[in-house]
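User: I'd like to learn how to read aromatic rings and their neighbours in a protein model. Can you walk me through it?

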Amino acid sequence: MQGGMNAPHTPIQPASFDSIENAARKTLPEHAMEELAIVEKELSTITDSVKKAPVYWKLGKVWQEHKQYPVAAYYYGLSAKLENSEKNLNFAGQLFLDLMQRSGSPAVTMWEAQQSIACFQRSMELNPKNDTVKMALAAAYIEGVGETMQGVQLLLGITREKPDNIPANLMLGRLAIQSGQYDKAVGRFETVLKQEPKNTEAMYFLAETYKGKGDKQKAIELFEKCKEIVNNPEFDKEIDNYINSFK
C-alpha cells in the first residue's frame, strides 16, 4: 500500500518516438518484421487520413502481439485521435498511464506521460464530465510529468462537484501527506471512511497522517485496525515491523 507520487526534481527530456520504435524493431523476430511490413505497405497506399485510423489500430495490434507496448500504445493513440473516439482515446491513454507507472527509463516515462495526457485531454474535450478520465489525467500530471498543481486542480474540480468522491479524496489525501498538510489529509481520509468504514487504503494513510502529526498512539490503533480487516499474516508482519520502527 505504500507508493509515492514524487515529482521529478530535474527537468527530464522525453524520449523520442523514433528512438523508442527503432529500439523496439531491433528486438523483433523476422516473422514480426514481415507482419509489420504488410500493414505498413497498406498504410502507405492510403491518402485519406481518417481511413488510416483502422490501419494504425491494426499496426498497434501487431506491436502489442510482440509485447512492444509503448509502440503499440502510440499507434492506438494515433488511430483514436483520427477517429475522435472517446472509448479508444481512453484505452490508449490508460495503456500509456499503466506503462508510465512501471517504466524503467525516466525519458521513456516522461514520453509516456505526455502521450497519456494528450489522449485524456482529447477525450475530455469529447466528454468533460468523465471523472474517471479526470482522475487518470491527474495521475499522469502528478506522477508522470511532475506538474502536481495541474493534477490537484483536476482533483479539486471533482470534489467541488462531488465532495464524497472516494478516488479523488484518496489521492488528495496522499498528496496532502507529502506536502505536510496533515489536517487536510485527515479530512480527506475521514470523508472516505465515513462512506466505507473498511476502506483499508484510507485507514492505512490516515494512520500515516497521525504518525506524521506525531500522534503515535492513534497511528498504531489505526494500523492495528487495518491488520484486522486485511487479515493476512504477511501484511501483519509488515505492519508490526513498521510499528516497531517508530514506537
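User: Is Phe91 buried, partly exposed or exposed?

Analyst: Buried means under 20% relative accessible area, exposed over 50%, and partly exposed in between (1.4 Å probe, protein chains only). Phe91 has a relative accessible area of 37%, so this residue is partly exposed. Tyr76, at 0% relative accessibility, counts as buried. A quick note: this is a predicted model, where local features need pLDDT of at least 70 and side-chain atom pairs pLDDT 80 or more, while totals for chains, interfaces and linings use all residues. Residues are numbered from 1 along each chain as its sequence is written, and side-chain values use heavy atoms, leaving out hydrogens and water.

User: How many aromatic pairs does a search of the whole structure find?

Analyst: Rings of Phe, Tyr and Trp (its six-membered ring) pair if their centres lie within 6.5 Å; planes under 30 degrees apart are stacked, over 60 edge-to-face, the rest tilted. The whole structure has 16 aromatic pairs. Take Phe17 and Trp111: they're stacked, at 6.0 Å centre to centre with 20° between the planes. Both Phe17 and Trp111 are buried.

User: Why is the pair of Tyr76 and Phe91 edge-to-face?

Analyst: Their planes stand at 70°, with ring centres 5.3 Å apart, so the pair is edge-to-face.

User: Which residues do ring pairs link into a cluster?

Analyst: That cluster holds Phe17, Tyr56, Tyr74, Tyr75, Phe96 and Trp111.

User: Where does the charged end of Lys211 sit?

Analyst: A charge sits over a ring if NZ of Lys or CZ of Arg is within 6 Å of the ring centre and within 35 degrees of the ring normal. Here, the charged end of Lys211 is over the Phe246 ring, 5.5 Å from its centre.
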